[in-house]
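Here is a short briefing on how two chains meet. Look at the structure first, then read on.

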Amino acid sequence: MLTNFAALEVGQHLYWQIGNIRLHGQVFLTSWILLGALLVFISLGTKKMENDPKGLQNLLEFLWDYIRDLARTQIGEKVYRDWMPFIGTLFLFVFVSNWGGALIPWRLIKLPSGELGAPTADINTTIALALLVSLSYFYAGLSNKGWRYFEYYVHPTPIMLPFKILEDFTKPLSLSFRLFGNILADELVVGVLVFLVPLILPIPVMFLGLFTSAIQALIFATLAAYYIGEAVEEHH
Amino acid sequence: MLAFNFFGATEGGLFDINATLPLMAIQVVALTYILNSLFFKPVGNVVEKREKFVSNNIIEAKNKLSEVKKLEADLLTQLQSSRTEAQRIVSEAENESDKLYKEALELANNEANASKEKARLEIETQTSAARDQLSKQADDLSELIVNRLILEK
């Protein structure tokens with residue numbers, strides 16, 4: 001039946017059992033393939049660095065510059081250097097995951113259970129990223145300002161305290177669910193359209209998906225940088 | 001382990017949170033370190049070195065430009081001063097030649113006046129000598145006439 005070719009498998013996972021730990025195997029498989037490709041790409045581009053950039057080095061420098069601008073505008077001139085690798089890694093990881101999930105025809109590879117797809121379409125990945133962002137901004141605030149970091153919670157008035165505390169929970173929640181929802185929804189929309197009309201019609205939606213994927217990567221990295229910037233900002 | 005099951009499902013589901021989460025977090029942290037040493041540091045070094053190089057060159061060029069401008073101004077003032085100096089020398093020479101000319105003219109005038117005077121004096125003496133001689137001759141003649149008249153009487 002056609003459903004075998006374009007079936008929708010929602011909430012199905014390829015389970016790996018290690019001891020009594022259970023993992024979503026398909027997430028790790030795709031992430032290893034995509035990150036491997038990313039690392040190969042980057043090692044090729046940085047193999048022979050020249051003062052006069054050519055080819056791949058040019059592209060990587062552009063990427064570096066883009067990430068630096070992002071980190072610098074959100075975090076500020078003083079500490080952006082410390083956080084640039086983290087922000088850049090978030091951006092690259094999310095971007096490579098989203099685009100890899102959208103561009104590579106993973107469905108051609110059959111798994112005993114579940115299907116390969118964007119690692120960011122799994123709630124575990126996005127929560128992991130969001131919690132890392134939360135830890136990062138706490139660490140950034142505490143390491144930069146010490147206990148004075150908690151002044152942020154009563155700034156500008158102590159009335160803000162409950163809202164600021166609530167924010168510490170809503171930040172990772174919104175970060176993780178925004179990314180998860182967007183990417184999963186994109187995969188589902190493309191899946192449904194391919195299932196219903198397997199010709200031409202899904203293509204514009206696929207392009208829209210690529211656009212959304214790139215925007216989500218940018219949003220995730222920008223928000224992470226913004227939260228860190230908020231934590232290290234000095235109030236006067 | 002971390003196995004929250006939403007929707008009452010015993011296994012699977014969209015919100016199946018398990019050990020994938022911490023392992024993925026560890027993987028991302030590891031990726032951060034790998035990318036830092038493989039990408040952010042080397043590319044940053046190259047880019048920042050180049051930016052420093054460019055800004056140094058710009059500063060150097062600016063310094064050189066200001067030096068050139070200073071030298072130009074220096075030369076201009078030198079030119080100005082030498083021009084006024086030349087003008088001064090020319091006017092001095094003009095004055096000098098004027099003076100010399102006037103002196104020579106005066107000298108010549110004086111000389112001419114002196115010779116004129118001398119000539120006049122000479123003429124005068126000669127005139128007076130001639131007049132003396134004439135009056136003497138007239139005296140002689142008158143005496144002769146007188147004598148002759150006296151003798152005839």
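At roughly what angle do the axes of H3(A) and H1(B) cross? In this predicted model, they cross at roughly 95 degrees and come within 10 Å. That makes H3(A) roughly perpendicular to H1(B), because angles from 65 to 115 degrees count as such.

**Where the two helices meet**
- On the H3(A) side, the residues are Leu60(A), Glu61(A), Trp64(A) and Asp65(A).
- They meet Phe39(B), Phe40(B), Val43(B), Gly44(B) and Val47(B) in H1(B).
- By class, this contact has 6 nonpolar, 1 polar and 2 charged residues.

**The helix H1(B)**
- Helix H1 of chain B runs over residues 20-152, which is 133 residues.
- At 1.5 Å a residue, H1(B) should span 198 Å.
- Its end C-alpha atoms are 189 Å apart, so the two values agree.
- H1(B) bends by about 50 degrees at Asn36(B).

**What is buried in H1(B)**
- H1(B) is hardly covered: 11 of its 133 residues are buried.
- The buried residues include Thr20(B), Leu21(B), Met24(B) and Gln27(B).
- Phe39(B), Phe40(B) and Val43(B) are also buried, and these residues meet H3(A).
- Cover for the buried residues comes from chain A, including strand S2 (21-24), helix H2 (25-45) and helix H3 (55-75).
- Helix H4 (80-103) and helix H5 (123-145) of chain A are also among the covering elements.

**The whole contact between the chains**
- Chain B gives 31 residues to the contact, and chain A gives 38 residues.
- The chain B side divides into 21 nonpolar, 8 polar and 2 charged residues.

Definitions and conventions. Residues are numbered from 1 along each chain as its sequence is written. Chains are lettered from A and ligands numbered from 1 in the order in which they are written. This is a predicted model: local features need pLDDT of at least 70, side-chain atom pairs count only at pLDDT 80 or more; totals for chains, interfaces and linings use all residues. Two residues are in contact if their C-beta atoms, placed from the backbone, lie within 7 Å. Ala, Val, Leu, Ile, Met, Phe, Trp, Tyr, Cys and Pro count as nonpolar, Asp, Glu, Lys and Arg as charged, and the others, Gly among them, as polar. Helices (H or I, at least four residues) and strands (E, at least two) are DSSP runs, numbered from the N terminus. The expected span of a helix is 1.5 Å times one less than its number of residues. The bend at a residue is the angle between axes fitted to the seven residues ending there and the seven starting there. A residue is buried if 20 or more other C-beta atoms lie within 10 Å of its own, exposed if 12 or fewer, and partly exposed in between; C-beta atoms are placed from the backbone. Axes are lines fitted to C-alpha atoms, for helices over the stretch in contact, and angles run from 0 to 180 degrees between N-to-C directions. Angles under 35 degrees count as roughly parallel, over 145 as roughly antiparallel, 65 to 115 as roughly perpendicular and the rest as oblique.
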